[in-house]
Amino acid sequence: MPVSRREFIAGLTLGGAVAGLGFSFFSGVAGSTSTGRSLVSRAPLPEPFTQRLRIPPVLAPVRSDGDGDHYEITQRVAAAQILPGVSTTIWGYNGIFPGPTIESRSGRTISVTHTNELPIPTVVHLHGGRTPPEHDGYPIDFVLPVDRDVPLPVYAIESGDLSKGQRIHWYPLEQPATTLWYHDHRLDFTGPGVWKGLAGFHIVRDDEEDALGLPSGPRELPLMILDRSFDVDGSWLYPAIDPTGLGEVGVTDGFEAGVFGDVLLVNGVPWPIVNVDGARYRLRFLNASNARRYDLRLDPPPPDGFVQIGTDGGLLVEPLHHDHIEMAPAQRFDVIVDFSSYQPGTNVTLVNDFASGRMAQVMRFVVGARTDDDSRIPNRLTTIEPLDTTAEGVITRTMRFFSGHLTDNNTDRHRWLINGEPFGPDVAAARPALDSVEIWRLVSDFHHPIHIHLNPFQVLSRGSGGPGPYDMGWKDTIDLRPFEHAAIAVRFDGFRGRYVFHCHNLEHEDMAMMSNFVVT
Ligand code: C2O
Ligand code: CU
């Protein structure tokens, strides 16, 4: 039986609250881009660029009425063909990995009814959604398995909003067009849940974006990039202390910094290859990895590089050119690539400069003949009002994302903490007033991709400088690097209630680097 969070907090020893810098996994980290440890697959791995890219199917609503569009998803165990010759048992939304893509319209409410046929409780969160608190997928609001009883942790029994078998999530989607994603968010077990397949795209569209004339239809590719490892029989490898996902929390020694796979999957296909026309394409990059960061580059490079048009929370004000893109877990980069600038027949490889060997390769585009292309990239994409942080009474808070030691039943455990505290349903690091703008100063000891639910934010500064090249627009996840501090501005609006913010390195999240804010 997992310990209750209250016992956990009671066990916090004062002197040990923040003592993290001596850990072995910090050695070699300084200045490096590594945010985890690699788990070596035991299955034979395919040659890169031998399997075709697949695009996850778009889910059709089961019905539409005056309340909106209604969707149904069943979470279940299924067999997937990922590596050649073996099958992988996944936990999948509708039994597929990635899950089906939901496409919605800004301002049109949808409901998604999730049925849980998995052997463990689950929680569904729409990442980047402006969602009322009871529908946001609070980490202890479990959907229990439909057909069995499972042991429950004390914190869920005490304060979770539990439902048996099924739950309806309502999403108002009062937010601009962008790339969202939905994924498992169960307290303490998000890492293994997402690793086993519980992740899918949710694309929000609107009239403003439709009017821009960006590449669309078959020239718009959602690309979910992640890393996984496989056992010899094709099953997922993950270093959980308790592989049932019902008992002790966390990963085995040496993986506390994060779990890296040694197989690169795009939309569930290892190192895929795709034929593209000689034309502009819109690529919606999502880093759905547990812990891995990527530095994406095209080889050979197109003259315009990646033309970034959007990020986590929607379109940028104007397009931004990058010759490479650094992407932390949970972040999205919406980019245009002009394949007409290549000779037909060119192999263009998407590479990852944060890794070497196989993991330095992501996928390949094979460029076809130049074709008609009436798409455009306007110089002006949208308007973004800078949040006013100069008004009187703007509250500034400091959030420290540091590792530490907790004493739990006389065992000394390494945990990742926020302001010296592990997650607990009753611990609120902030109580912002509805409609107020706040400045949060984020301070880190390691790579921490920090994600805030409900409201996107604007990056004000990094260290003593301005925002970095990947910080433009509305973000919901900021890539903090070791010993860095950054300031962000958030307007807390939409709904009152309790939400979480956390590190989106899923091993850090599961090992307590999460807290609450309560909009009052
Ligand atoms: Cu993508 Cu709190 O999550
Ligand atoms: Cu972290």
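Where does aspartate 188 lie? In this predicted model, aspartate 188 is found in the loop between strand E11 (178-184) and helix H3 (190-195). The legends below start with that residue.

**Figure 1. Aspartate 188, a residue with positive phi.** Most residues other than glycine have a negative phi. Aspartate 188 is not a glycine, yet has a positive phi of about 75°. Its relative accessible area is 3%, so aspartate 188 counts as buried, the limit for that class being under 20%.

**Figure 2. The largest cavity.** The model has three cavities of 30 Å³ or more. About 80 Å³ is the volume of the largest cavity. Its lining is made up of 13 residues, and those closest to the centre are Asp188, Phe189, Pro192, Tyr238 and Gly250. Sorted by class, the lining of the largest cavity contains five charged, two polar and six nonpolar residues.

**Figure 3. Aspartate 435, also with positive phi.** Aspartate 435 is not a glycine either, and its phi is positive at about 75°. The residue sits in the loop between strand E29 (428-430) and E30. With 52% relative accessibility, aspartate 435 counts as exposed, a class that begins over 50%.

Figure 4. Phenylalanine 501 is buried, at 0% relative accessibility, and phenylalanine 517 is buried with a relative accessible area of 0%. One aromatic cluster is formed by Phe401, Trp440, Phe492, Tyr499, Phe501 and Phe517.

**Figure 5. The site of the copper ion (ligand 2).** Three residues coordinate the copper ion (ligand 2): His448 through ND1, Cys503 through SG and His508 through ND1, at 2.0 to 2.1 Å. Along the chain, the donors of this ion have the spacing H-x54-C-x4-H. Cysteine 503 and histidine 508 are both buried.

**Figure 6. The largest pocket.** The largest pocket has about 340 Å³ of volume. It is lined by 22 residues, of which Arg130, Pro176, Asn455, Pro456 and Trp474 are the closest to its centre. The lining of the largest pocket has seven charged, eight polar and seven nonpolar residues.

**Figure 7. The second largest pocket.** The volume of the second largest pocket is about 260 Å³. Among the 15 residues of its lining, Val317, Ile384, Asp471, Met472 and Gly473 are the closest to the centre. Strand E22 (314-322) and strand E32 (457-462) each give at least two residues to this lining. E22 provides the largest share, four residues. Ten lining residues of the second largest pocket are nonpolar, two are polar and three are charged.

**Figure 8. Charged ends over aromatic rings.** Lysine 196 has its charged end over the ring of tryptophan 91, at 4.3 Å from the ring centre. The charged end of arginine 292 is over the ring of phenylalanine 260, 4.3 Å from its centre.

Figure 9. Most peptide bonds are trans. The bond joining phenylalanine 97 and proline 98 is cis, with omega about -5°. Proline 98 is part of the loop between strand E4 (88-93) and strand E5 (102-105). A cis bond also joins aspartate 299 and proline 300, again with omega about -5°. Proline 300 is located in the loop between strand E20 (294-299) and strand E21 (306-311).

**Figure 10. Arginine 148 and glutamate 117.** Arginine 148 is in the loop between strand E8 (143-144) and helix H2 (154-159). Its relative accessibility is 37%, so arginine 148 counts as partly exposed. Arginine 148 and glutamate 117 are 31 residues apart along the chain, and their C-alpha atoms are separated by 9.1 Å.

Conventions. Residues are numbered from 1 along each chain as its sequence is written. Chains are lettered from A and ligands numbered from 1 in the order in which they are written. This is a predicted model: local features need pLDDT of at least 70, side-chain atom pairs count only at pLDDT 80 or more; totals for chains, interfaces and linings use all residues. Side-chain values use heavy atoms; hydrogens and water are left out. On a 1 Å grid over the protein atoms alone, a cavity is a set of points where a 1.4 Å probe fits but cannot get out, and a pocket is an open set with protein on both sides within 12 Å along at least five of seven lines; lining residues have an atom within 4 Å of a point. Grid points are joined across faces, edges and corners, and a volume is the space filled by probe spheres set on the points. Ala, Val, Leu, Ile, Met, Phe, Trp, Tyr, Cys and Pro count as nonpolar, Asp, Glu, Lys and Arg as charged, and the others, Gly among them, as polar. Buried means under 20% relative accessible area, exposed over 50%, partly exposed in between (1.4 Å probe, protein chains only). Rings of Phe, Tyr and Trp (its six-membered ring) pair if their centres lie within 6.5 Å; planes under 30 degrees apart count as stacked, over 60 as edge-to-face and the rest as tilted. A charge sits over a ring if NZ of Lys or CZ of Arg is within 6 Å of the ring centre and within 35 degrees of the ring normal. Donors are N, O and S atoms within 2.8 Å of the metal (3.2 Å for Na, K and Ca); water is not among the atoms, so sites may look incomplete.
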